[in-house]
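This report describes the fold of one protein chain for a reader who is new to structural analysis. The sequence and the structure are shown first, and the description follows.

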Amino acid sequence: MRIIAKSTLKKFWQRRAYADAQAPLESWHEEATKAQWNSPQAVKAQYASASICGRNRVVFNISGNKYRLVVEMQYQAGIVWVKFIGTHAQYDKINVETVNDD
């Protein structure tokens, strides 16, 4: 899969408060880059704890559910758009289906 935009992940873990997210996010990025997710079921097969949401959004639990990563999947194009990364508390304040719609 092609991940857009890793820079969002980097900006997050470069903040001192979230430095512990670097290794788990880099691991997720590496696994996602190698993945061939062509359906929500393919994502669930690799990440059973992932939440499949509306508008092709998927929520991944990062670092034992300390952080939440929201992406938009374009399965046929092989693209994963990073839409949100934050703490569980920050995640609770967003709408998964509309966060960072540009």
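## The sheet

Two strands are said to pair if DSSP finds at least two bridges between them. In this predicted model, strands S3 and S4 meet that condition, being joined by 6 bridges and running antiparallel. In general terms, the strands of a sheet pair through backbone hydrogen bonds, and the pairing may be parallel or antiparallel. Here 5 strands form an open sheet with mixed pairing, in the order S1-S5-S4-S3-S2. Strand S1 (2–4) and strand S2 (51–52) stand at the edges with a single partner strand each, so one side of each has no neighbour in the sheet.

Most residues other than glycine have a negative phi, and most peptide bonds are trans. Ser 63, in the loop between S3 and S4, has a positive phi of about 55° although it is not a glycine. With a relative accessibility of 31%, Ser 63 counts as partly exposed. Arg 55, which lies in the loop between S2 and S3, is likewise not a glycine and has a positive phi of about 60°. Arg 55 counts as partly exposed, at 46% relative accessibility. A cis peptide bond runs from Ile 4 to Ala 5, with omega near 5°; Ala 5 lies in the loop between S1 and H1.

## Helix H1 against the sheet

Helix H1 lies across S1, S4 and S5, and runs at about 15° to S5. Which residues of H1 (residues 6–13) are buried? They are Leu 9, Phe 12 and Trp 13. These residues are on the same side of H1, because they cover an arc of only 90° around the axis. The elements that cover them include helix H2 (22–34), strand S4 (67–74), strand S5 (79–87) and helix H4 (88–91).

S4 is mostly covered, with 7 of its 8 residues buried. Glu 72 lies in this strand. Is Glu 72 buried or exposed? Its relative accessible area is 16%, so Glu 72 is buried, given that buried means under 20%. Leaving aside neighbours within four places in sequence, the residues in contact with Glu 72 include Arg 55, Arg 57, Trp 81 and Asp 101. Between the side chains of Glu 72 and Arg 57 there is a polar contact of 3.4 Å. Glu 72 and Glu 30 are 42 residues apart in sequence, and their C-alpha atoms are 17 Å apart in space.

Thr 87 lies in strand S5 and is buried, with a relative accessible area of 18%. Not counting residues up to four places away in sequence, Thr 87 touches Tyr 18, Lys 66 and Tyr 67.

## Aromatic rings

A search of the whole structure finds 7 aromatic pairs. One of them is the stacked pair of Trp 37 and Phe 60, with ring centres 5.9 Å apart and 25° between the planes. This pair links distant parts of the chain: Trp 37 is in the loop between H2 and helix H3 (40–46), Phe 60 is in strand S3, and the two are 23 residues apart.

Both partners are shielded by the definition of burial used here: Trp 37 is buried at a relative accessible area of 2%, and Phe 60 counts as buried at 1% relative accessibility. Ring pairs also link Trp 28, Trp 37, Tyr 47 and Phe 60 into a cluster.

Notes: Residues are numbered from 1 along each chain as its sequence is written. This is a predicted model: local features need pLDDT of at least 70, side-chain atom pairs count only at pLDDT 80 or more; totals for chains, interfaces and linings use all residues. Side-chain values use heavy atoms; hydrogens and water are left out. Buried means under 20% relative accessible area, exposed over 50%, partly exposed in between (1.4 Å probe, protein chains only). Helices (H or I, at least four residues) and strands (E, at least two) are DSSP runs, numbered from the N terminus. The arc is that of the directions from the helix axis to the C-beta atoms. Contact means heavy atoms within 4.5 Å. A polar contact is a pair of N or O atoms within 3.5 Å; within protein, one must be able to donate a hydrogen and the other to accept it, and residues adjacent in sequence count only if both atoms are side-chain atoms. Axes are lines fitted to C-alpha atoms, for helices over the stretch in contact, and angles run from 0 to 180 degrees between N-to-C directions. Rings of Phe, Tyr and Trp (its six-membered ring) pair if their centres lie within 6.5 Å; planes under 30 degrees apart count as stacked, over 60 as edge-to-face and the rest as tilted.
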